[in-house]
Amino acid sequence: MSCGESKVVCVTGASGFIASWLVKLLLQRGYTVKATVRDPNDQKKTKHLLSLDGAKERLHLFQADLIEEGSFDSIIDGCVCVFHTASPVITSVTDPQAELIDPALKGTLNVLESCVKARSIKRVIITSSMAAVANNGKPVDSDVTIDESWFSDPDFCEKTKRWYPVSKTLAEEAAWKFAKEKGIDVITINPGWVIGPLLQPTLNLSVEPVLKLVDGTEKFPNTTHIYVDVRDVATAHILAFENPSASGRYCLVGSVNHCSEIVKMLRNIFPALNLPDKCADDKPFTPIYQVSKEKAQSLGVKYTPLEVTLKDTVESLKGKNFF
């Protein structure tokens, strides 16, 4: 019998990049999935989910609104776990409060309130982010290792107008406070920059930089990113539910690389691609630092090699006619 046989779970924001893979892997493991989306009739958001193996028998779509109190009550009732992935991922905002902070913060609390009402819930897995870990103004270099004890500073993020980290940090802080007050078992998964093959038909923000590199740009940005494969992130969510001893936060970063290294890897994998060979500026390259893998690996997480992830990402983008 597979782990999920006869178990009912909920995935919020199910049409998203990470959530789509999470739904796929949950169905593969035998779970029945109650998936929330903003509009179940929007085929762009649901067709790829409904075509997954096992979807016909064990996937049920529901409409839910993050900022509407009680919106998740009836959906979560009867579930043993909620995987709360729903939260806006945007970098260009005109109203940070309405576009990012309210949906992330109020949405998380609304989902947790529904979980408290549902006596069937054993554990809640929240998709947080390294954005809620590493944005605190501390200098980083090759001697620095970031781990689960780090927390982003909302004041620093606000001053530097890093609105997405603000939203993820406030939402995670509220979740931990709520969990302590209500005695509910909460775990957060904090992935870095998530790339990998797309299940959904639309381009998501974290894969877009890879598309830009392979789609004829002349220069690569002077940036360092903390990469992780979307399939590893989805798997980590499930392991965090299935492992009784799992607790707290889990940083998920497979490797830390400057963009110049990414270009070099892509050139080795796809020699025919027209890739950039110059940096966008003449400044020293942004530093490489470390992110601890210890806690995630204790959960059973095994990281996909970055070369494999990049290959699968580019082939997925090509297959979906993005370039």
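Biologist: Which residues of α9 are buried?

Modeller: Buried means under 20% relative accessible area, exposed means over 50%, and partly exposed lies in between (1.4 Å probe, protein chains only). In this predicted model, the buried residues of α9 are V230, D232, V233, A234, A236, H237, I238, L239, A240 and F241. That makes 10 of its 13 residues, and the helix is mostly covered. Helices (H or I, at least four residues) and strands (E, at least two) are DSSP runs, numbered from the N terminus.

Biologist: What ground rules sit behind these values?

Modeller: Residues are numbered from 1 along each chain as its sequence is written, and side-chain values use heavy atoms, with hydrogens and water left out. Local features need pLDDT of at least 70, side-chain atom pairs count only at pLDDT 80 or more, and totals for chains, interfaces and linings use all residues.

Biologist: How far does helix α9 reach from its first C-alpha to its last?

Modeller: The expected span is 1.5 Å times one less than the number of residues. Helix α9 (residues 230-242) reaches 19 Å, close to the expected 18 Å.

Biologist: How do I read a pair of aromatic rings?

Modeller: Such a pair is described by the distance of the centres and the angle of the planes. Rings of Phe, Tyr and Trp (its six-membered ring) pair if their centres lie within 6.5 Å; planes under 30 degrees apart count as stacked, over 60 as edge-to-face and the rest as tilted. The whole structure holds three aromatic pairs. F220 and F285 make an edge-to-face pair, 6.4 Å centre to centre with 75° between the planes. F220 lies in strand β9 and F285 in the loop between β13 and β14, so the pair ties together parts that are 65 residues apart in sequence.

Biologist: Is F220 buried or exposed?

Modeller: F220 is buried, at 6% relative accessible area. F285 is partly exposed, at 44%. Elsewhere, ring pairs link Y31, F83 and F241 into a cluster.

Biologist: In what order do the seven strands of the open sheet run?

Modeller: Two strands pair if DSSP finds at least two bridges between them. The order is β3-β2-β1-β4-β5-β7-β11, with parallel pairing. β3 (59-63) and β11 (248-252) stand at the edges with a single partner strand each, so one side of each lacks a neighbour in the sheet.

Biologist: How many bridges join β4 and β5?

Modeller: Strand β4 (residues 81-84) and strand β5 (residues 123-127) pair over four bridges. H84 has I126 in β5 as its bridge partner.
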